[in-house]
2 protein chains.
Amino acid sequence: MTLPDALLDTLRTHFPGDALATGMAERLAYAYDNSRRNALPDAVVFPTSHEQTEALVKACRAHRVPVIGRGRGTNTTGATVPVAGGVVASFERMNRILRIDPDNRLAVVEPGVLNGDLQQALKPHGFFWPPDPSSSPWCSIGGNLACNSAGPRTVKYGSPRENTLGLRAVAGTGEGFRCGTYTSKGATGYDLTRLLIGSEGTLALITEATLKLTPKPSALRTIRATYRDVSAAARAVARIMAQPVTPCALEFIDDVALKLARDYGGDSVPLAGAMLMIEVDGEAETLPSAVDAVSRAARGDGLEDLRVAETAEETQALWSARKALSPAQRTISPNKINEDVVVPVSHLPELVDGIKQLARKHDVLIVSFGHAGNGNLHVNLLPRDESERERAHACLADVFALVISLEGTLSGEHGIGLVKKEFMPLALQPSTLQLMRHVKAAFDPEGILNPGKLLP
Amino acid sequence: MTLPDALLDTLRTHFPGDALATGMAERLAYAYDNSRRNALPDAVVFPTSHEQTEALVKACRAHRVPVIGRGRGTNTTGATVPVAGGVVASFERMNRILRIDPDNRLAVVEPGVLNGDLQQALKPHGFFWPPDPSSSPWCSIGGNLACNSAGPRTVKYGSPRENTLGLRAVAGTGEGFRCGTYTSKGATGYDLTRLLIGSEGTLALITEATLKLTPKPSALRTIRATYRDVSAAARAVARIMAQPVTPCALEFIDDVALKLARDYGGDSVPLAGAMLMIEVDGEAETLPSAVDAVSRAARGDGLEDLRVAETAEETQALWSARKALSPAQRTISPNKINEDVVVPVSHLPELVDGIKQLARKHDVLIVSFGHAGNGNLHVNLLPRDESERERAHACLADVFALVISLEGTLSGEHGIGLVKKEFMPLALQPSTLQLMRHVKAAFDPEGILNPGKLLP
């Protein structure tokens, strides 16, 4: 596609100077995301205001040209790849923290604020915003909201849907609107806020968010438990989640992932059949009993070693190793297939056993780790060549079928984007998908916002 | 309206025997709700299955006849009054708890299950479902979901939107669908679950809900603090919410409400300028420090007395008095205007001062109490005769204007229904309302579900 001259003229008016880029170098830079898929946009704009974003969508709507919102492209599903061309709207320059309001436990931010920058800014006030993807130093709040990106702390503190009060946005019509509240509670009409969260830029472009903050607990303890095999570890997860003390992180790492992690984290990462990293937070005087309760649940058949990290360095080494797992796998397989299936936590033992069986059946290397407290596993298929890639794709279909049979769903936090949309009919009824299509049309009648994503 | 014979025949097929009622006695019984508004339905049906509900909506759609979903009619906004006639679908007989799954911290229920019955059933498992309206012994989960009904515990545990994982429902097209997940986390498509919650039966009829459960803390302490005047109490609320320990209830009761409460609760209810009822929950060993932190914040200018309830009876008396406040006001004014405005908690002092001024200006008796920790006040205007009623209506407009000027919104938990829809343009932009209308059309193209509600 080449953009019509009239559209380019309009864009130049609203995006003067380097706020509009049409050169090949910039177009290439915004062609891909962490899914490693790519497709060339026709132009890239860098909005810095809500009004500019309205003007952008209005202009593109008039010419039926796609608009693809983009945070920092750290998503793994191709959600920001401009598969139908059009204009990428990169919000990286719209990155002001507009207001931190500790008295009301909220912050108002522009979409381009980085997750890590927000957390830093909140620290002196004693608050944090719970969503914490592995990419938090580099991913934007706008992207977190668009993809409902979560992270380890979700098990206790919820995802962006539970931690956002209101939004300002621009619908596919080019009309700006506000939804939600500046209060911690509201029942004034339909919940458009949660509808936009996780909609992957297909309904509206988010230009401002009012985020709910949580007081930061003063104390934290990390427990490392190793197990004979993945089944034993998964059974421990189910036991931990069936008792009342909810850990603020409950991460599962399988044997293959542990070997990878050891390459990055060194000897502090143990070799075992599987490991759990468990974090418990609270106030200093209450923490020991919470740690006891969680440790009791973590013990059981197949436990090899359980220890509470003694130093901050030890904890840091564990997390560094855990956070390095996603990129580390690229060294084995540049074409890794990265899923983030989720099952009810009591079915986690069946899931990990089933995945081991499928790896053998299809002769594919699979590395599993992730947010076990939510039953949310990152299942990574690592094909090393073309023939393995074919086997991996056959295996993937079996993985999804297993997940659905265990009352689970396709994605816990990565979303659907490009790479999982063909599997949506496995998880959702035709009538549900049809309603989603109607909702899409209600916000974006011409279908110009991020076409080709989320819905099959 | 008289229902077409063909429709009545179809309804008789799907709702045999006393599952369909067309007699005047039954129609009158389902004509009103706790708003005291009323309008006669043409028939009442009592679905007991999802399939029956689909058949109902399909049949009514074919004849363009309204369908009004109803739980137990405890809502205060007229949300279940059949203003355009049609068929009331009362879910009172569809009241089975289908599954309690403590390992996955969830329960699956039909819509007619009473909130209080669910809480009782969960008790032996050590869990509760956080939403707890004052009417919990008599209100249904379906109604709680339709209205996003909350209650005192919302300040710590959230509303139905934060405590529901998935739904089964029937859209205005008559098509059944499932949305959400059976897992504690999900990013598979648009969040239709939250969209339905709080939509007051205008988008779909809920036939099944998967609810997220919370472990019940083992210990609870109730603090009673009295203040010189409402301003001092409101400032204490803001201080309590600005520190990290979140109480599980933080209720405000003004001087007029206290006098009323004393009639019900006896001498255990103090006379004062205002009172806060504060509850803190947790584990036994951690509670004292939490109570200390909250008490410290509650102290300050204008505090008259602060005491921790020593006995369960004392606590019970306080809550009984608090819960009796809504019905008690009927004795003063059968035509009370019951609002539940919400402002950011730091603006609560300005709200309570402003309301006292408006009461004087319009010479209307106003009783204020409610969920102060969320900035959510039940503002009750109590006109005793026709001339006072007119003044009360003028005052109400001023109350809403005040709330909006303080960055608040019309409703924290009661919803909009019939009685507040004319005020929606005060709280929402035209573009937001327009999107809500489009969403309505996406689910209910003929507009047969609960017509005349929520949207102006």
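Predicted model: local features only at pLDDT ≥ 70, side-chain atom pairs only at ≥ 80, totals over all residues.
**Figure 1. Overall build of chain A.** Chain A contains 15 helices and 18 strands. The C-alpha trace of chain A extends over about 70 × 55 × 40 Å along its principal axes. A compact globule of 456 residues would have a radius of gyration near 23 Å, and the 22 Å of chain A agrees with this. Of the 456 residues in chain A, 65% are buried. When contacts in chain A between residues at least 6 apart in sequence are considered, 73% of them link residues at least 24 apart. Chain A has an accessible surface of about 15,400 Å². Carbon and sulfur atoms account for 51% of that surface.

Figure 2. The relative accessible area of A:Asn144 is 2%. Buried means under 20%, so A:Asn144 counts as buried. Leaving aside residues up to four places away in sequence, A:Asn144 touches A:Asn115, A:Trp129, A:Pro133, A:Cys139, A:Ser149 and A:Pro160. A:Ala225 is 81 residues from A:Asn144 in sequence, and their C-alpha atoms are 30 Å apart in space.

Figure 3. B:Arg168 belongs to strand β8, which is made up of residues 164-171 of chain B. With a relative accessible area of 19%, B:Arg168 falls under the 20% cut-off and is therefore buried. Residues up to four places away in sequence are again left out of the contacts shown. The residues that B:Arg168 touches are B:His50 and B:Glu51, B:Phe177 and B:Arg178, and the run B:Leu205, B:Ile206, B:Thr207 and B:Glu208.

**Figure 4. Packing of helices α9 and α11 in chain B.** Helix α9 of chain B spans residues 255-265, and helix α11 of chain B spans residues 312-332. Their axes are 9 Å apart and the helices pack at an angle of about 105 degrees. Angles of 65 to 115 degrees count as roughly perpendicular, so α9(B) and α11(B) are roughly perpendicular to each other. On the α9(B) side, the contact involves B:Ala257, B:Leu260, B:Ala261, B:Tyr264 and B:Gly265. These meet B:Ala321, B:Ala324, B:Leu325, B:Ala328, B:Gln329, B:Thr331 and B:Ile332 of α11(B). The residues in this contact comprise 9 nonpolar and 3 polar ones, with no charged residue.

Definitions and conventions
Residues numbered from 1 in each chain as written. Chains lettered and ligands numbered in written order. Heavy atoms only, no water. Axes fitted to C-alpha atoms, helices over the stretch in contact; angles between N-to-C directions. Helix = DSSP H or I, 4+ residues; strand = E, 2+ residues; numbered from the N terminus. Parallel < 35°, antiparallel > 145°, perpendicular 65-115°, else oblique. Contact = heavy atoms within 4.5 Å. Nonpolar A, V, L, I, M, F, W, Y, C, P; charged D, E, K, R; others polar. Rg over C-alpha atoms; globule rule 2.2 N^0.38 Å. Buried < 20%, exposed > 50% of the residue type's maximum accessible area, 1.4 Å probe, protein only. Areas by Shrake-Rupley, 256 points an atom, 1.4 Å probe, with all protein chains shown as cover.
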